[in-house]
Amino acid sequence: MYQALYRKYRPKNFSDVYGQDHVISTLKNEISENRISHAYLFTGSRGTGKTTCAKILAKAVNCEHPVHSEPCNECEVCRGLDSGTIYDVVEIDAASNNGVDNIRDLREEANYTPSRGKYRVYIIDEVHMLSTGAFNALLKTLEEPPAHVIFILATTEVHKLPSTILSRCQRFDFKRIQPETMALRLKEVAGMENISLTDDAAVLIARIADGALRDGLSILDQCAGRQKDVDANLVAQVAGLAGREVLHRFAGCISSDDSAMAMELIAELYQNSYDMERLCVEMINHFRNFLVIKTVKNSRELIVCTDDEYNSTVESSKWFTLEKIIYALDLFQDTLTKIKSGANSRIEMEMSFVRLCQPKLDASYDALLDRISKLERAVKTGVQVVSSVSEKQIPVAEKSVSTPTETPPAAEEHPNLKSEMQNDSADTDAVPVYHEQPPVQPSVQPVQSEPIAMGRSEFDQWPEFLDIIHKTDIALFGVLSGAGAHLDSGRFVIDSTNPTIKEFIKIPTHLKAIKQAVFELTGQNYKLAVSKQNAQTNQKRDLLEDLINQAQNNIEINFE
């Protein structure tokens, strides 16, 4: 019967244990000096060798011919313990034997002397799962056990153990196995199994295993089941990873504010059955590498990857400010929490990338700090800040204010735009062309009841305009939804793609409502016109976004 690699290559001696030298040296010294404790506590994350070291320790204290505090694995006791024919070593799963009765049976059984070895060894795995009553039942025996009994407790959650238990044990903390150490072990096992394992694949497996050698061997076993030549691409496919190239593409989407491309990448990965939770974890790790590169001088030592991947990561990190990296990490961490709580993983990931690509959608402190840092960086590249007078502002004649008439004139077609009813291209009322620093124009007498003709300017009060229309003419408000407006040559021009809007606003009641709303906001009477151009945005302008765009385009920034 086939045996999994993590079982087949489980260490049988202390010297075969990787990455736990601080534990192994102490245990071997205690065995050689015959200072064996009655109770040990092995703590650490999964797959770091806790149960393995407990079994080796149990063999070493019972071995008939130990060699340098190591079990010989050849005597009758060692072979019997390996095969399970000698019952002096008892392994108990506390997850399924966590009651008071189970511990009482263990306590009574501990009174019997060992059948073949020197000690009866009780290995209690996942000891934190014991009930309060079971801990109390174990307490007295754990403190003063019979001379021939040794307890070895193993747990991944030591904080759940009562302090009374902790104080009666020798505690050994098992560290996560370093990726370099794990990669060496994986290469060694692959060589014994005639598996061609590339260095990149070994490093990638070690990174995925996250310090658990058992997990690393399981991934290698799964890859070898598909083909004997294991490379990084195969590991990524087996483990459901997006791959370094995709991560860099996502980073590029965020740096270029390309939310559309990010959505397409997510859809592609989703169709290929990539786990969105795993993608979120990978993005966290990817931006964590950016964070290390930005903040640590010798960052190479803290990033687990090949030299080529590291160089690519360094180049990608230049696209982001430290504030952007921290903002992205916070956002992905929150997304991961929501995914684990049962939210739709794909939607959460899509929302995260849209927020990262369009920071103005997020009003949080981190998002605002990121946008300010982006502006600061753009300004440092050489943007010139000029006087408080806008270059678009030009001297105009005095303006007369008149009240709106009871029956305002009908809407007219904008003379500078193509009319649906006229084909002539002549433009008798051309828009004046102003230079960046125009000369002062002489004052002229205003035309009665009409504002002075000016160049085109955006109507930034459109949201307020819609608020007034909503109160005075709800039907008109619905028609104007999605439209915008600008001022051009003394006309209030409505920009809309709605083909019915022109006829609709010719109705006197609607026309009057528009005229009154414009007058209320501007204090002037404007002629009304309709444009067939695309509607302007009906949202308030984002001034910070305007500054960022101006800074990135290396043009003058004006403060009015």
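Author: Glu464, Phe465, Ile468, Ile469 and Thr472 in H19 meet Ala513, Ile514, Ala517, Val518, Glu520 and Leu521 in H22, where contact means heavy atoms within 4.5 Å. The model is a predicted one, in which local features need pLDDT of at least 70, side-chain atom pairs count only at pLDDT 80 or more, and totals for chains, interfaces and linings use all residues. Residues are numbered from 1 along each chain as its sequence is written, and side-chain values use heavy atoms, with hydrogens and water left out.

Reader: How do the residues of the contact of H19 with H22 divide into nonpolar, polar and charged?

Author: There are 8 nonpolar, 1 polar and 2 charged residues in the contact of H19 with H22. Ala, Val, Leu, Ile, Met, Phe, Trp, Tyr, Cys and Pro count as nonpolar, Asp, Glu, Lys and Arg as charged, and the others, Gly among them, as polar.

Reader: At what angle do helix H19 and helix H22 pack, and why is H19 called oblique to H22?

Author: Helix H19 (residues 462-472) and helix H22 (residues 508-522) pack at about 135 degrees, their axes being 10 Å apart. That angle makes H19 oblique to H22. Angles under 35 degrees count as roughly parallel, over 145 as roughly antiparallel, 65 to 115 as roughly perpendicular and the rest as oblique. The axes are lines fitted to C-alpha atoms, for helices over the stretch in contact, and angles run from 0 to 180 degrees between N-to-C directions. H19 passes H22 in a right-handed crossing; such a crossing has the near helix turned clockwise from the far one by less than a right angle, and a left-handed one has it anticlockwise.

Reader: What makes H12 and H13 roughly antiparallel?

Author: Helix H12 (residues 244-255) and helix H13 (residues 259-271) pack at an angle of about 155 degrees, with axes 9 Å apart. H12 and H13 are therefore roughly antiparallel to each other. From H12, Val246, Arg249, Phe250 and Cys253 meet Met261, Ala262, Leu265, Ile266 and Leu269 of H13. By class, this contact has 8 nonpolar, no polar and 1 charged residues.

Reader: Why is H5 called roughly parallel to H6?

Author: The axes of helix H5 (residues 100-109) and helix H6 (residues 132-143) cross at roughly 15 degrees and come within 8 Å. This makes H5 roughly parallel to H6. The crossing of H5 and H6 is right-handed. Val100, Ile103 and Arg107 of H5 make the contact with Gly133, Ala134, Ala137, Leu138 and Thr141 of H6.

Reader: Is threonine 155 buried or exposed, and how do you know?

Author: Threonine 155 has 0% relative accessibility, so threonine 155 counts as buried. Buried means under 20% relative accessible area, exposed over 50%, partly exposed in between (1.4 Å probe, protein chains only). Threonine 155 sits in strand S4 (residues 149-155). Beyond its neighbours within four places in sequence, its contacts include Leu41, Phe42, Lys50 and His128.

Reader: What makes glutamine 170 partly exposed?

Author: The relative accessible area of glutamine 170 is 28%, so glutamine 170 is partly exposed. Glutamine 170 lies in strand S5 (residues 170-173). Leaving aside neighbours within four places in sequence, glutamine 170 is in contact with Glu30, Ser37, Ala39, Tyr40 and Leu41.

Reader: How many helices and strands does the chain have?

Author: The chain comes to 23 helices and 12 strands. Helices (H or I, at least four residues) and strands (E, at least two) are DSSP runs, numbered from the N terminus. Buried residues make up 45% of the 560 residues.
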